[in-house]
Every structure is written in C-alpha cells, then in structure tokens.
Amino acid sequence: MTDDEPAERIRTDGGTAEGADREVSKPPRADGGAVDDVALDPWGSSTVSDYRKLFEEFGIEEFDEVLDEVPNPHYLMRRGVIFGHRDYRPVLDAMRNGDDFAVLSGFMPTGEPHIGHKLVFDEIIWHQQQGGDAYGLIADMEAHSARGIPWDEINEHSRDYLLSLIALGFDPEEGELYRQSDNDRLQRLAFELGGKANFSEFQSIYGFDGETNVSHMQSVVTQMADILYPQLDDPKPTVIPVGPDQDPHVRFARDLATRMRFFKVTEAFASFELADAERPLVAAAHDAREEYAEDADVPRCGEAADWLADADLDAAGVLVSESVRESAVEKLENAGMEPLRPRIRFFARQATDEAFEALIEDIEGEKRRYDQHIDAFDVGVDEAEDLAREVEAHHGGYGFIPPSSIYHRFMTGLTGGKMSSSIPASHISLLDAPEEGYDKVKSATTGGRDTAEEQRELGGEADKCPVYELYAYLLTGDDDELAKEVYDECVGGERLCGGCKEQAATMMREFLEDHHEKREEAEEVLDSLDIDLETERRGVAAEH
C-alpha cells in the first residue's frame with residue numbers, strides 16, 4: 001500500500017484526517033530520518049528520533065516490505081510500531097507452510113516491567129499463537145555484570161517479569177521460560193560460541209576496552225547463546241523481537257551462527273572462487289552465453305571474460321563498481337578454456353571427516369570431490385543448504401540457521417523524551433496500581449496546542465503526543481478503527497486534550513485492573529514451573 005492510501009493503514013506516527021474541514025499534512029512515517037547516535041549501544045541510552053539511518057547504515061530492512069506476507073499480522077505490525085526486520089522471510093515461510101519456527105526474547109531485570117516491555121511480551125505471545133516455539137528468558141547474568149544489580153533484587157524483578165508475561169497470554173506449557181544463570185545447556189553453548197569470538201570484536205562492536213570486566217564479556221557470549229538456544233535440538237528459523245539498540249547482539253549472533261557451521265554453501269561457475277559481489281556478474285555472463293560462445297552448450301571462461309569486459313551491465317540489471325567488474329574479468333581470463341558451468345560448491349569449513357564423507361555420499365547426481373570442497377551439478381541452492389545442515393546436525397554439529405529479528409519503535413516517555421525505568425513519571429509500570437496509572441496518564445505531556453481555540457483551528461499534533469502513543473501501542477488493542485478515530489479527531493481539531501486524556505486514563509486504569517487480576521492467576525502457574533526464583537547466588541556488583 002502506498003502513502004496515498006492511508007485509510008486502511010494506521011500508523012503510530014500518524015494517519016490522515018479524512019473528513020476534516022481543512023487540509024492536514026500527512027504525518028511522517030516511522031521509518032524515515034536519521035539516528036541520533038550511529039553506534040547503537042545495548043547498555044547505553046541510544047534514542048532514535050527517526051529510523052532511516054538504521055536502514056542505510058546497519059542493513060535493517062523496512063517491515064512494510066514483508067507486511068503483506070504476514071498471516072494475521074499483529075496490530076503492532078499494521079500500525080508501523082514494528083518498523084524493521086532482518087531476514088524475517090524464513091520465519092514467515094515457515095509460519096505459512098506450517099513448518100517449525102521459534103521466537104525468543106529476553107528481559108534484563110533491572111526494575112519493574114513497564115508498558116514499553118509489553119511490546120516485546122506481545123510479540124513473543126503473537127508468534128507463539130501463530131505456531132512458533134516460544135522462549136522467554138531472564139537475562140540475570142547481564143543485569144548483574146553490566147548493570148550491577150544485586151541478586152536479591154534480580155530475584156524479585158525476575159518474578160515480576162515472568163508473571164506479567166504469563167498474564168498477558170504466554171503459554172508456559174507450550175513454551176519455555178528460563179534464567180540465564182540456571183540453564184546449564186545454555187552455558188555449555190556459550191562456552192562453544194566463545195571459542196569463535198575474539199576480544200577485537202568486543203572492542204569494535206561494543207566498545208569494550210581494558211577496563212571492561214570479564215563477566216560483562218561473558219554475559220555477551222551468553223546472550224549469543226540465548227539467541228541460538230531455540231535451535232539446540234533442531235535447526236529452525238528463529239526470530240528475535242527487540243528494540244533497535246539491541247541490533248549489535250543480533251548481528252554478532254548471526255556471524256557466530258555462520259562460524260559454527262560445518263559447511264559453507266555457495267554458487268560457483270568454474271574452478272576459481274568468486275567474491276559475493278562478483279557472482280552476479282559471472283552469472284550474467286553465463287546467461288548471455290549464446291551471444292558470444294562458439295558453442296553455447298560449452299561456453300569458455302575466456303569467451304565470457306571478453307563479453308563481460310564490454311557488457312552493458314545496467315541493461316543486464318547488474319549494478320557493480322568497475323573494480324568488481326575488472327576482478328571478475330581477470331579471474332575469467334586466467335581460467336582460459338575452462339568451461340563456464342554453474343555448480344553448487346560445498347566448502348568443508350570445520351567438518352569432521354565423517355561428516356565430509358557422509359555429505360559426499362548424500363549428494364545426488366554429478367559431483368566432483370576435492371580436498372576441501374565438493375562441486376555438485378544437479379542440486380539447487382536451497383536443496384544444498386538443507387542437505388548440508390541435515391548432515392551436520394546428524395554428525396555432531398549444530399546446523400544453525402542465522403537468526404532473524406524484528407524491531408519496534410521506542411515508546412516516548414509520558415513526560416516527553418525517552419521512556420525510562422529510572423524515571424517513574426515517564427512510564428507506567430505493569431505493577432502500578434490502577435489509580436496510579438490513571439493519574440500518570442492524566443498528568444502526561446500531550447501534542448496539543450496552547451489553547452482550545454488553537455487546537456480547534458490547527459488540530460493537535462498526535463505524531464508528537466505520548467498519549468496518542470498509548471492508544472496506538474496498547475489501549476486500543478486490535479481495534480484499528482478506534483486508533484484511527486482518535487488520531488483523525490485529534491489532527492482534525494475535533495478532539496481536545498482534556499477529554500482525550502480522560503478517556504486514555506480510564507482505559508489505562510481498566511487495563512491495569514485486568515492485568516493485576518491475571519497476574520494473580522499466573523502466580524500458581526509460575527510456582528508450578530521449574531524455575532528457581534530464589535537463587536542463593538552470592539556476589540557483589542561488578543566494577544565498570
């Protein structure tokens with residue numbers, strides 16, 4: 001859907017004022033603009049004023065591009081609260097086809113769970129309801145090592161997070177809840193992953209230096225293990241719902257997942273190796289073989305080099321630098337009379353001898369064996385990836401699929417600026433008394449004008465209003481029509497801030513009343529689970 005068709009699309013950062021007497025400017029999208037700090041810091045105070053830089057700088061993709069592929073999308077997806085993703089399509093394919101997939105996210109118990117955390121709770125629960133294996137974890141090792149939270153406080157906060165997650169709909173009988181510090185399988189995986197990481201990466205990714213305590217670094221490796229944990233028994237597409245400040249963890253985990261693999265699968269066309277940027281060029285040369293080859297059934301690399309050197313690549317739909325073209329041409333020239341023939345190449349990165357032999361045995365059709373790789377001529381890329389992963393998993397490897405991620409916007413604090421657990425007035429805790437929640441909303445900053453007359457004349461600025469965010473992110477639930485009505489009435493000048501806050505405050509009070517009742521019901525469920533919430537760990541806060 002385009003920006004010119006907003007009536008069926010409700011965004012947290014706007015909509016349209018259909019039916020208003022005046023022209024109302026179209027609100028900015030949640031995915032435009034720049035990042036305040038280019039270096040995203042999972043433990044700092046990264047705030048994002050808008051989000052275009054995340055697409056340009058970090059390779060996060062716009063969620064709108066996959067929205068039409070999502071079965072029964074959550075309202076956070078429909079409204080643009082979930083604004084980006086990284087490689088989410090494998091999860092969607094599994095979801096649509098009824099195949100296995102998983103969702104996992106964690107919570108650092110540094111304070112009470114609040115409505116900002118509810119976004120992640122909802123994302124986990126929605127994926128579980130779509131058939132995914134769901135995991136919720138308490139990042140207690142991170143809380144202790146990175147934030148210096150004492151263990152007795154961690155115990156208390158952990159219970160609060162898990163109670164709210166269950167109260168909101170997480171099914172622990174169909175999913176798994178755990179604490180990092182008590183999960184032995186997780187710790188063993190973290191140890192193995194640590195063997196593939198080095199200190200220079202911790203420096204470049206997280207800015208760690210000689211003053212960083214070792215426990216903090218250990219907690220990062222544990223988080224990598226968390227992200228890959230759903231695949232321990234069976235490789236499957238896995239999505240990690242997070243805020244954009246957590247993207248460094250996702251990228252690092254994807255790298256480690258690849259390094260743990262026995263085999264690397266690539267497309268090749270001759271005996272030489274191609275860089276990723278060169279591969280489309282050589283593929284284009286092969287596709288155009290009838291234009292230049294003396295025998296189109298057996299095109300030669302030298303012939304392809306001559307064609308590629310002068311080819312109009314823009315017309316072929318291939319956009320690359322001239323230096324990439326020159327390097328590809330050189331490789332083709334050096335291969336001379338060797339036939340240019342597509343094949344799938346399996347590299348034995350760290351496969352055992354048994355796994356290597358098993359892979360050779362399982363590849364069907366024509367194949368050629370070399371010391372460190374196998375060329376197969378009768379299998380496709382997807383089939384080859386599945387085969388390599390299956391062989392690896394059956395011979396002592398993990399077969400990890402690089403984890404996917406989805407990213408949601410930060411909620412604005414009720415007092416303006418960032419919502420922070422350390423500023424009680426900026427957020428509504430899921431533990432707040434219903435009347436306290438009511439009062440906080442009534443006292444919240446709004447996007448209203450200075451006077452009622454000005455509001456009626458110019459309309460409110462819902463795009464800058466923390467109270468409107470409460471409607472869009474939480475209070476209206478799945479009711480898109482109500483969310484749109486609130487927005488349209490605000491920017492159209494029909495809705496004044498006093499009545500709007502009264503309505504939102506009343507709905508917040510009702511939400512908290514219901515949530516508290518469900519938390520009480522969740523107590524028995526949580527107590528029946530095998531989770532130690534009274535750990536007797538000892539230790540002082542780590543030095544930073």
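This is a predicted model: local features need pLDDT of at least 70, side-chain atom pairs count only at pLDDT 80 or more; totals for chains, interfaces and linings use all residues.
Q: What about strand 2 and strand 11, parallel or antiparallel?
A: Antiparallel, again with four bridges. Strand 2 is residues 82–86. There, Gly 84 has Tyr 407 of strand 11 as its bridge partner.

Q: Why is strand 11 largely enclosed?
A: Because five of its five residues, 404–408, are buried. Side chains in a regular strand alternate between the two faces of the sheet. Here both faces are covered. Ser 404, Ile 406 and His 408 are buried on one side, Ser 405 and Tyr 407 on the other.

Q: Switching to Asp 245. Where is it found?
A: In the loop between strand 6 and helix 11.

Q: Buried or exposed?
A: Asp 245 is buried, at 11% relative accessible area, since the cut-off for buried is under 20%. Its side chain makes a polar contact with the Gln 246 side chain, at 3.5 Å.

Q: Now the second largest pocket. How much space lies in it?
A: About 800 Å³. It has 25 lining residues, and those closest to the centre are Arg 261, Glu 385, Arg 389, Ile 401 and Pro 402.

Q: Which helix gives the most to that lining?
A: Helix 17, with five residues.

Q: And how does the lining divide by residue type?
A: 15 charged, nine nonpolar and one polar.

Key: Residues are numbered from 1 along each chain as its sequence is written. Side-chain values use heavy atoms; hydrogens and water are left out. Buried means under 20% relative accessible area, exposed over 50%, partly exposed in between (1.4 Å probe, protein chains only). Helices (H or I, at least four residues) and strands (E, at least two) are DSSP runs, numbered from the N terminus. Two strands pair if DSSP finds at least two bridges between them. A polar contact is a pair of N or O atoms within 3.5 Å; within protein, one must be able to donate a hydrogen and the other to accept it, and residues adjacent in sequence count only if both atoms are side-chain atoms. On a 1 Å grid over the protein atoms alone, a cavity is a set of points where a 1.4 Å probe fits but cannot get out, and a pocket is an open set with protein on both sides within 12 Å along at least five of seven lines; lining residues have an atom within 4 Å of a point. Grid points are joined across faces, edges and corners, and a volume is the space filled by probe spheres set on the points. Ala, Val, Leu, Ile, Met, Phe, Trp, Tyr, Cys and Pro count as nonpolar, Asp, Glu, Lys and Arg as charged, and the others, Gly among them, as polar.
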